[in-house]
Amino acid sequence: MLERTAAALEPCTFQRSLPSSIRARRNLHTGFWQHGAAPLDLASLWAPNGHDTQGMREPAASSHTPDRLVASAFLLDFLYPRGTVAFLRRLTPASATSSVQRQPQQGTTRLFTSASHDAHAAPEPADIFEHGAPSTPSPSTQTIAPVASHARCSEQQDGQHVTAATDAQPELMRELMAQKDAEYFGQIWDLWRQLNPQRRAELRPEVIAYFHRSTSAANADRVLALFSEMDSSSWTPPILTAAVAAELRQGDVKRALKIYHTALKERELVGGLGHLLAHAFRHSAWDLIRGIWTPYRHLFAAKGVQAGDLSPLLAVPDLGTQVLEFMENIKACEGLPDLTPKAKPKQGRRNRPRSAPSDAEATDGLVRLLREASKRALVQPCKPDEALQLLQVISHSEWYSIYLNKAVERGQEEHMAEIYREFRKLSKHVNWRILHGMFDVFYPHDVAGLEQVYEDFHRSYGKLDQWGFRKYLKFYASRGDVRSTKRLWSEYVAKGHHKGIMKDPETFNHVLNAYSNRGIPEDTRQVFDDLTVKYNVTPDVVSWNILLKTYVRADRYDDAIQAFEDLSESVAPDSISFGTIMAMTGDKGDLARTESFFEQAQELKVEVDAAIVYGLVEAYCQNDRFHEAKLACISATRKGIPGDNAYFWNCLIKYQSHRRNLGGAYRTMDLMAEHGVKWNAATYDLALQSLLYTKQTDHAYQLLLSTLEDKSFPVTEQHFATVMSSALRTGQPRKVEAIRAAMEQKGYPMSMETSIATVDALLKQQSTAHRGEEGDVKRVALTPEKAHELGKSLVDYFQRVLQSQYKDPITDSGSDRWMMRQPGDKSLIGSYARVVQRAMVVLAQSGDFASVHEILDLYSKAMQGGSRHTASTPLPLVDTMMLANFLDNKHDLVKDAWEVAWQKALAQGRPKTYEKPGILPSHRYDLCGPVHSMQRVLAAEKDHQGLIDLVEKVTSAGFKLDSRNWNYICRALVEMSQWEQACDYCENMLMTGWRGWAPHRRGHSKPKTLPIEVRRRGNAPRWLRPDGITLNLLRDQYVVLKSEAPWSSTIEAQLHRVQEKCPRLWRAFLSKEESRKTVESGLL
């Protein structure tokens, strides 16, 4: 409060009106100095107080008035006139217990100080990477020894100056100015005013340099006042720098430039260049930069004078952006020469002849400035996308190394790959810290980058270090590259055998993981057993988790359950153990076992993470218990469980989409936002699929196009393939071509799935009905030659895809063969099963059965080494082969494949460890495809009893059929004169989902009454309802039988039985007739 009062009074003439009685004797309490006040500013009061002003100029008025209060010694003079000077020397007693040090100003919230720290002050480090202003440590509890040592003389008599103390003032000032933990600008100025002219002349350069450390306007005035007393003959670069900086702080750019240019011309001195350049870059004043830099370069060319400190450039916001803009300006005006470093001249600088600078030399000088500014921009640091351009301007390997080291420390990943690859061209040695950091940047997807890091390890150090061995073992193991893992593992063991690594299970886990990711459970189990039998090493929980993961990925339910039980007996299962096994049980729909595992995890106090919750939510969704699944998601999110919470929320969205419940999917997304769960890439995929499942192809396509523009989420080839497939399902083959063109325009390569969709669209367009000029419909037949041509292109593409997986792209660069992937990698090739199935369906429907068998042979060769056995083929591909054989009129092969499909479905759907009767929920619909092919075979053979037996066999085992199956069964039975049995199936299986006849539109304006969500859910395959074809076919037969009933008691009895057993179907028959009569009466 006192400081604020004094600051308010200083500009006035209040001091002149003070009565003499105000100068009463009072003791100054030390608490006054403990309230956090800022340094005292005495500059503006020396003249009014009558002090000596000889040789001093009054501080110039600044155009930028500082917005902080300036405390002054006037307050002390006002309250305590006799002891002011002495008290300044007696700030602290000599005793450490009663001393209070002046507080430094860094971080203070009180801005009424003449020396407050400016956050935008230009740093002046010795090392260019130690940027920032000189740091001010936290306040010390020690006394100010220099002040205390000179205070004893003044303690003898207050208000009197002792000659010895006055003579010691220069030493006191130097000691104060040397302090780094506090600032004494006000005290230094007070002490300076007490010096005689000779002492002032000696200390003036040091005092100017000290005040230059401050960024306040008051201290800038002091610098300029001191500078004005100096003759140009006593100028030095530091003094000039302080004067230029002070003028810039006062906003007087012209005076700053005048000082700079005068020193260049008259004294051949460079001072303040960094501050002037910083000002020019800050304001994008390109011509001003030329006017500042070009005269200096002339002086440098003539005399070799150095530029001095350019660290003020570090304080320019976004210096990298400014430097690149300046470079563009140079290109436009002067033309930018080659920035690559030139060879050093053979002549030394001293012997090199001087000549007038040419335009080319001036441009070279600007390039030199670009390089110097680029270095400072990199230190700031600059934006990641600007770094490579700035490094190319510098074009020196050392700066690449410096930047990469700092970027690795920051954890930066953006644009690191491009910078590293440029660095490799300039340097043969790479620091190990950079290699470690770049491995993390490239891992796990950039195989080429990881190979380059591997080469640089050997080129720089001759081998991998222990960190490198472990990382590359992990990398090869994650790819299932058994050969490379074993080769590197042998080297690692040989070099580290003496360290006892053979007793560490982690040493063997890499090899175990390689076999696991290869997708061969038998080999993995053999390696696992070798740990105890061959090497006498006890597997740890990580080893057990790898074995468990192997069985889960191979879909070996019984083996996975047994492995988890063995794991629980040998070691304590962790969250990864429970997350892995619960992912399998949840995915299978084994709710009871999943809940049991969850309870076990809680009893063992295992930390519940997102993977564990996902297994629980998946199990609920598989059993259609969506409310419990939603509650589990909400509860887990509120508890803040570790992991990506979107992982289990996505499960809810997925199943809502499968049910064609678009509103439910959107409500789930709203719940995610309400609970603060951020979307991940899978969430965006599911949002797009939700539109496609509900036949919103146009909306999905527009969403995809808008996403390509605003980049709201990363778009991949899979998104294009998904939209293409939806366009084909909704009968829009021409839209596929538009999507493919957009994909090509944006630079996306064609994938296997997009190629299949493109071929499918071409096949459909070839066989699409066209309307002639006279209105008659003409169908263009798809010739076998054209179908085979398109099919062959698809087969060739798939063959290239498989061949590309036998080795990584890095192999083509001529590097070691150990990067080659082994054929037969089931985990990789197995991922193509769904794509192969889609391709086979497209080829079979076009009639190109040769290509169907050819593409299946390619897949079998990749999976089984060349043998195509139906028993080892995945169930979806068996289903597709049944379809192809049916279309090729090979009914016997269809029946043979059915037996294989039946055994496979039973093995998957009813494992030995499944405790409930029936089929696991996730496998209940596995036979829908094979049953459909068998239905068509039996219908073609008019074997109605075989069809009935087939249905009974499948349903009694616990399998379920979808809406398409039941509708086809009913129609087939009607066509085989089994109308009553067809009515029975329709009543019991389909009529529960029937919502009435659609109103007649011709001459009738009644709108649809069903909500849009109900109509959408009716399109879901598992939503059982009779379609219009089935109901009309059953009703037509009913009309025929009804007309014959009066003449046949057998038919009459049959109608009576159907009426009793099928009441809903019977009402449908009657309501159809009533609806027809109502429409007819309305028309009449």
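The following dialogue discusses how to read several features of a predicted model.

Biologist: What should be known about the model before reading it?

Modeller: It is a predicted model, in which local features need pLDDT of at least 70, side-chain atom pairs count only at pLDDT 80 or more, and totals for chains, interfaces and linings use all residues. Residues are numbered from 1 along each chain as its sequence is written, and side-chain values use heavy atoms, with hydrogens and water left out.

Biologist: What is the mean pLDDT of the chain?

Modeller: pLDDT is the predictor's confidence in each residue, from 0 to 100. The chain has a mean pLDDT of 77, and 74% of its residues reach 70 or more. Over residues 341-357 the pLDDT is below 50, and this stretch has 14 contacts in the model beyond near neighbours in sequence; contact means heavy atoms within 4.5 Å. Residues 1077-1084 also have pLDDT under 50, with 2 contacts beyond four places in sequence. Where pLDDT is low, the predicted coordinates should not be read in detail.

Biologist: At what angle do α17 and α19 pack?

Modeller: Two packed helices are described by the angle between their axes and the distance between the axes. Helices (H or I, at least four residues) and strands (E, at least two) are DSSP runs, numbered from the N terminus. Axes are lines fitted to C-alpha atoms, for helices over the stretch in contact, and angles run from 0 to 180 degrees between N-to-C directions. Helix α17 (residues 384-394) packs with helix α19 (residues 416-426) at about 20°, and their axes are 9 Å apart. The angle therefore makes α17 roughly parallel to α19. Angles under 35 degrees count as roughly parallel, over 145 as roughly antiparallel, 65 to 115 as roughly perpendicular and the rest as oblique. A387, L388, L391 and Q392 of α17 make the contact with E418, I419 and E422 of α19. By class, this contact has 4 nonpolar, 1 polar and 2 charged residues. Here Ala, Val, Leu, Ile, Met, Phe, Trp, Tyr, Cys and Pro count as nonpolar, Asp, Glu, Lys and Arg as charged, and the others, Gly among them, as polar.

Biologist: Are α20 and α21 roughly parallel or roughly antiparallel?

Modeller: The angle between α20 and α21 is about 165°, with their axes 9 Å apart. That makes α20 roughly antiparallel to α21. Residues W432, L435, H436, M438, F439 and F442 in α20 meet G449, L450, V453, D456, F457 and Y461 in α21. The contact has 9 nonpolar, 2 polar and 1 charged residues.

Biologist: Where is P444 found?

Modeller: P444 is in the loop between α20 (432-442) and α21 (447-461). A cis peptide bond joins Y443 and P444, with omega about 0°. The peptide bond from Q380 to P381 is cis too, with omega near 0°, and P381 lies in the loop between α16 (359-379) and α17.

Biologist: Which residues does N680 touch?

Modeller: Not counting residues up to four places away in sequence, N680 touches D644, A646, Y647 and N650. N680 lies in the loop between α33 (662-674) and α34 (681-693). N680 and A646 are 34 residues apart in sequence, yet 6.6 Å apart in space, C-alpha to C-alpha.

Biologist: What is phi of K695?

Modeller: Phi of K695 is near 65°, a positive value in a residue other than glycine. K695 is found in the loop between α34 and α35 (697-710).
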